[in-house]
Structures are given as structure tokens and as C-alpha cells.
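Q: I would like a close look at one part of this model. Please keep the answer brisk and connected.

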Amino acid sequence: MASSQPRRSPLAMAVLIILAHEPLHPYGLRQRIRDWGKDSVVNVSQRNAIYQIMERLERAGLIAVRETTRNEKRPERTIYETTQAGQAMARQWLLEMLSTPTREYPEFPAALAFIGDLPHEDKLRVLEERAKILEQDIGRLASEVDQSVSAVPGGVERIYLVEVEYIQTVWQAELKYVHQLVDDLRAGKLD
């Protein structure tokens, strides 16, 4: 019996969509998210998070046990699949996430709100460090995409990489902003 619906999250949505395509156990699901490169937009860094969200989704009737298997040398594995209610919820969440901007609270703008409390030299140092890291990340991401695309015969359709395009665009805009901020600090326009 379904209880109250779990809070919408990128991880919950990903779990529902992936399990609708392929029933899996929690570890396999976490690995699939990583294999598909979706861990750049869905946080699966903590193993326990996937188990917790799956418990909530099961309590809500959005996923269900398909089967439990046992291999002699491995612990018992419970395979889950998305229910019809889960498929409907995943669609609803996906449509909402795509159509409606939400206020998010990332760390960088929060730190910028208080950058005035740092000495001038520290401001320059940390922003220049951030710019270098962004440049490296942009290059690394481009290289990873190139490797992933070339590893698939016939390539990968663009629709499966649009989140990477988005991340690249955001990082490039942030890099441009950080460079401008450093220039303004150096020119004495902010202090």
C-alpha cells in the first residue's frame, strides 16, 4: 500500500526511470548511474543514499521487489522494478524539473556573498585557483565525452549528452565570470 509520496529529487527520479528500463538491485543501480556517466548530475557518492531512497520509494509504492536471488558466494540480492505509479511519478517529476526553475543554494554564490570579509590577496588567490580548476574540469569533461562517444560504435546521440552540454555551458560561464571578477579586483573596482 502506498504511503505519502517521497520528496522529489534527482536521485529519486533517476532510480524510478532506470528501474523502469531495467530491474536492478541497489548496488547494480548505483553502478548503472556511474556507467552511464549520470553521476555528474545525480549524487551517488554515498552508497547509503541509494538504499535510503529506495526504501522510501518502496514504502510509497513507487518501486516493488521483483525477485530475490541468492548466489552461493554472495549475499542475497533483492531486485527492484518501478511500479506503474512510480512510472507516472517519474514522468511528473521529470516534467516539473524540466519546466520549472527552482531556487537552489550552491556553495559558490553563498561564498561570494561574504567574499568582502577576505583580505584582497586571499580573494585573488582563491578565485585564480577556482579558475584553474574550472579550466581543468572543462578540459577533463570534454575529454571524457570524446572517449565515451568514440567507445560506442556509431557514436552517442546528442539527446543522451545534453546534461553534459549544460554543465560545460555553466562551467564556461562561471569561468568567464571568475576571470572578470579577478580583473575587477586587480583594477581596484571592488575594494
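At what angle do the axes of helix H2 and helix H3 cross, and within what distance do they come?

A: The model is predicted. The axes of H2 and H3 cross at roughly 115 degrees. They come within 10 Å. H2 covers residues 26-35, and H3 covers residues 47-59. The crossing of these two helices is right-handed.

Now the side of H2. Pro 26, Tyr 27, Leu 29, Arg 30 and Ile 33 take part in the contact. From H3, they meet Arg 47, Ile 50, Tyr 51 and Met 54. By class, the residues of this contact comprise seven nonpolar and two charged, with no polar residue.

The charged end of Arg 130 sits over the ring of Phe 108. The distance to the ring centre is 3.6 Å.

One further helix gives context. Helix H4 spans residues 84-99 and contains Met 97. Met 97 counts as partly exposed because its relative accessibility is 28%, between the 20% and 50% limits. Leaving out residues up to four places away in sequence, Met 97 touches Arg 8, Ser 9, Pro 10 and Met 13. Pro 10 is 87 residues from Met 97 along the chain, yet their C-alpha atoms are separated by 8.7 Å.

Key
Residues numbered from 1 in each chain as written. Predicted model: local features only at pLDDT ≥ 70, side-chain atom pairs only at ≥ 80, totals over all residues. Heavy atoms only, no water. Axes fitted to C-alpha atoms, helices over the stretch in contact; angles between N-to-C directions. Helix = DSSP H or I, 4+ residues; strand = E, 2+ residues; numbered from the N terminus. Left-handed = near helix turned anticlockwise from the far one by under 90°. Contact = heavy atoms within 4.5 Å. Nonpolar A, V, L, I, M, F, W, Y, C, P; charged D, E, K, R; others polar. Lys NZ or Arg CZ within 6 Å of the ring centre and 35° of its normal. Buried < 20%, exposed > 50% of the residue type's maximum accessible area, 1.4 Å probe, protein only.
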